[in-house]
Structures are given as structure tokens and as C-alpha cells.
Amino acid sequence: MKSSPWWKEATIYQIYPRSFFDSNGDGEGDLPGITSKLEYVKSLGVDAIWLSPFYTSPNKDGGYDVADPRDVDPRFGNLADAKEMIDVAHSLDLRVLVDVVPNHFSDQHVWFQEALKAARGSQERSRFHFYDANPDGTLPNNWISLFGGPSWTQVEDGQFYLHLFDSSQPDLNWENPEVAADFEKTLRFWLDLGVDGFRIDVAHGLVKEDVLKDHPDPQGLSDALRLDMPMDPEKRYALLPTVPFFDRQGVHEIYREWRKLFDSYGDRDVMAVAEAWVHPPVNSTRYVRPDELHQVFNFDLLDAPFSSIHLYDVISRSIDLMKSVAALPTWALSNHDSPRVATRMGEQESRALALFVLALPGSTYVYAGQELGLPDGVIPDESRQDPIYFRTGGQQKGRDGARVPLPWNGDTAPFGFTSGTPWLPMHDGWKDSTIEKQSAEPKSSLNLYRNALSLRAEHLVNNGKIQWLESPHHGAHSSSVLAYHRGSVSVYMNLENSPVEVEITGKVLIVSAGVPDGRDGKITIPPISTIWIQR
Ligand code: NOJ
């Protein structure tokens, strides 16, 4: 069953276009490649796809440096290919979300090129954040870019421009009404081409205040804001609420206007999800108030340890927080910015957690390759592409490991992804992880996802809230088992490396690993596994 509206309890499959499927042998995935594999996507049982950017871009930050937001970069195809991809997706009953990147443009965007030629104080410069140096010659403030190094770059006449990310990604000034007008044009452009909604990049960053104020620990803050950077959680969560450039009140005015635009498309059920990692977590609820956006990403599971107490805390908190604004949570275990879940936790742990999460209320985002249980790729330094690697002088490795292309078939790299040389190296070690091999193996990760998504649609979607199950043997305070009940299904996750027996009867719908043993009103749950039981 599908939820109503469609996005409420949807499973949304994230495609990183460069890494999905290459149709023309240039080593990079493209839109016709995606279109040709939509049957595969459909076979997973997902409701929608979200595509990371494929717009005109010099590709300094994997396309999140947009030079023309209303055109397709030739490396991915053209606008006709985009239209074809959307139409084919719709013919398969898959919705399509695309990225919109409103915090910054590429330095190759015509506006920034005009700003470089224009004088200080000009209308052209006012579309970005240009400032003079301090009287002593120092930078306008001490902020460190999220990709390392200063957040400011100097132009020929001595002024500096602000960039929270790479120097090729100048931040836009949303106080200039031309910026809002241009983004409304972009949103309409893609909606008119047929997309069903947007993932909003750095949704909490658009409005800048206190631009000239220094931060007491700018390097610590920059590290804390990156999920690929390991950090003591106490330190991270103490720093995060101090971010001076995110989550200002003004961003909500922007989304109220966008919501009116989305609603003007009437029964198209257009939706938008905010990438907004904000602190304290309660602030995330503001993005999904009834007159704002439809969903906000939940980052809690992207750095969560495999610990029952931690998982209980973040899952119950997310559900409760969203309830306060009558919204449902979203869940994600991996994305293109963080180490893949199988690498972070281990293969069996990641399967158990995926099955645990797929029964929860709300929407789940699955990052392409996650369904295969892929680990991060091993990237030699000379092959790295992420600006983080270059801006930190190689000290931080960046996010390329999570972006290695998908292995489709065959026994040797590049596993059918391309007939050329893949843009990131692939290794023969993935030969048992291909889609071809896993399709034929009943107990593969791929078939676990397929079966779970089909059972989710049959037994869980539209079945309301969960009830945590507690007893001396399992529950919120047990380190070995975490369990809840939803609709007619009880979900048990055994986090220990040994089997656990629980007192329950019913039909085993699915298990993430091993073979459960049921007798005398008890079921033995295999080590590190999750089980769904229909009661
Ligand atoms: C978040 C995106 O997911 C990431 O890939 C990108 O580098 C930054 N925003 C900047 O756009």
C-alpha cells in the first residue's frame, strides 16, 4: 500500500548520477544511463528517486557547484534526456525529486562572473557576500569553510567573498530579492518539466546574520559539521548549537513562499525535503510546520553507533519531535556525504539496522548501493576528487569512498558500470556484490531490501505509531535487544553476537541474518539480526 500523500511514508532511493550507470562509455554515469536502469529501481519496491545535481557545473564539488541551475551538464546528457528520465520514471509509478542548491552558485555562474567585473558596492556584487578586509588587513571574520581553509577568498580589487564550502561556491545573498526571484524561476522550471519535488541543499544556510562576528573555535566547528569527520560526540554536540551561519529565523520566510509555489501545482502533490542539520534538534521541526516544507532530513542515524540505548534515544526523540508539528520523521543510514553504513557498522549490523528502520513510521531514504550492502570504496590518494581532500592539504580524505560507482554485473571491475574507465577506481573485490550476483542469491542484501520493502508496503505503511516493547529481556534499557510493535508486526533487533530468546508467538515475516528458531511460545533470534513477526 502507498501512503497518502505519496511522500508521507515513501521509500526514496537516492541516485548519485555520476556513479549510477554510464550509457556512453566516458566513465561517468549519466541521465540516459539512469533511465535505462529504472526497471531495476522499480524492482526494489521504492516509491521515488532523488537525484543529486546533474546541472551545468564545473564539477568542483560533485555538481553542488551549479553554473546554470536550469540546464543539464553535457556530461549527464541534455534537457530532453531529463524529460525522458522523468517520463519513464512516471510510467513506472516512480516519483522524481531533484536537488536544488540555493545557498551558493558556482563561481562560473554568469552572476558571479559579472560580480567579478563589477565595482565594490555594485548591484552585481550584492547578489553575493562581498566585504572589505578589516582595517588591519585581516579577513572579514575567522570562519573556516566546511571543506577546510578560510571561508573567504580575495578578488582582484582586494575585496573578499564568503564561501561556506569550496572557494568555487560563492554564497548567495538572500537579502537581494533577485536571488529569491531566480530560485522561484528554477523551481518552476523543473516542476514544469515534470518533477515531483525537491531536496533542498543546505536548506538552513540561506540567511546570514552576524557575518562580521568571529567564532571562538572555528576549526572545531567546521569539523563538527562534517559527518565524515570522527569526533567525540560530547565535543561535537557542544559545538553544533554555536553555528553562527545556520538556522536563522529568516530561512523560514523563504520556505513559506516556496510552499505557496508548490501548492499552486495543486493535485500534483509536490513535496520538498530540507537538508537541515540543526541544533538543538527541536529546531528541525520548524522546517516542517504546516505552511513550510514537507520533510526534513534526520541525520541521527548517519553517525549513530550500533548501541541499543543510543538507537532507542534517537529514534524515539525523532518520532516525538515530529509529532509536535503533526509531521512524520525521515530515516537515512547512508548518503553521498558520509561513510557507508556497512563500513561504519559492519555488514551484519547494517542489515539488522536497515530492517529495524524499514518498519518505522515516516519516510526512508536509501542511498544507491546501500541495498547491496556496499562498503566504502578504497581510493588511492592520487584518484581522489573531493575538494575536502585538496582544501585540507590531504589531511582529510573526504567523501569519495561513498561515491564509487555501482557494480552491475560480471566478475571484474568496472562490473558493467561503464565500457570505459570509471571516474573513481573500482576493485575486483566487489565481484560477489554485483546486482547480477545478488539478484540470484536469495539471502543477499539486495533481496533482503526487496523483500522488506514489499512486506513494508503490505503490513506497515499507514499503520500509525510504534509502541516500544519492554520486558526484563528486551526493551529500551537492555543492551541486547531493542523491540517495538506496529500494526500487526513486532520488530526485534538482537544487537548481541549470540542468539537471544524472546517470549513471542507469530509468523516470522523476515529476518536479516541466520535462521530463527520458534517453539514453546518462544523465538530465538539469531546473533546481530532483526526479525519481523506477524502476530
Ligand atoms: C550538501 C551536499 O550533500 C554536499 O555534497 C555538498 O558538498 C554541500 N551540501 C555543499 O553544497
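The legends below describe close-up views of a predicted model.

Residues are numbered from 1 along each chain as its sequence is written, and side-chain values use heavy atoms, with hydrogens and water left out. Because the model is predicted, local features need pLDDT of at least 70 and side-chain atom pairs count only at pLDDT 80 or more, while totals for chains, interfaces and linings use all residues.

View 1. The ligand is surrounded by 13 residues, and the closest are D61, R199, D201, H336 and D337.

View 2. In the side chain of D337, an N or O atom is 2.5 Å from an oxygen atom of the ligand. R199 has a polar side-chain atom 3.0 Å from a ligand oxygen atom, and for H104 the distance from a polar side-chain atom to an oxygen atom of the ligand is 3.0 Å. On its own the ligand has 300 Å² of accessible area, of which the protein covers 97%. Accessible areas come from the Shrake-Rupley method with a 1.4 Å probe; for residues, only the protein chains shown count as cover.

View 3. On a 1 Å grid over the protein atoms alone, a cavity is a set of points where a 1.4 Å probe fits but cannot get out, and a pocket is an open set with protein on both sides within 12 Å along at least five of seven lines; lining residues have an atom within 4 Å of a point. Grid points are joined across faces, edges and corners, and a volume is the space filled by probe spheres set on the points. The count comes to eight cavities of 30 Å³ or more. The largest cavity holds about 390 Å³ of space. It is lined by 24 residues, and L146, F165, L225, E275 and D337 are the closest to its centre. Eleven residues of this lining are nonpolar, six are polar and seven are charged. The largest cavity is the space taken by the ligand; a molecule sits in a cavity or pocket if more than half of its atoms lie within 2 Å of its grid points.

**View 4. The second largest cavity.** This cavity holds about 220 Å³ of space. Its lining has 18 residues, with P281, S284, N298, F299 and D300 nearest its centre. Helix α9 (residues 308–323) supplies the largest share of the lining, four residues. Helices (H or I, at least four residues) and strands (E, at least two) are DSSP runs, numbered from the N terminus. The lining divides into eleven nonpolar, five polar and two charged residues.

**View 5. The largest pocket.** The volume of the largest pocket is about 340 Å³. Among its 18 lining residues, P233, R236, Y237, D303 and P305 are the closest to its centre. α9 gives the most to this lining, with four residues. The lining has ten nonpolar, one polar and seven charged residues.

**View 6. Backbone at P414 and N59.** The peptide bond from A413 to P414 is cis, with omega near 5°. N59 is not a glycine, yet has a positive phi of about 65°.

Notes
Near = heavy atom within 4 Å. Polar contact = N/O pair within 3.5 Å; in protein donor to acceptor, adjacent residues only side chain to side chain. Nonpolar A, V, L, I, M, F, W, Y, C, P; charged D, E, K, R; others polar.
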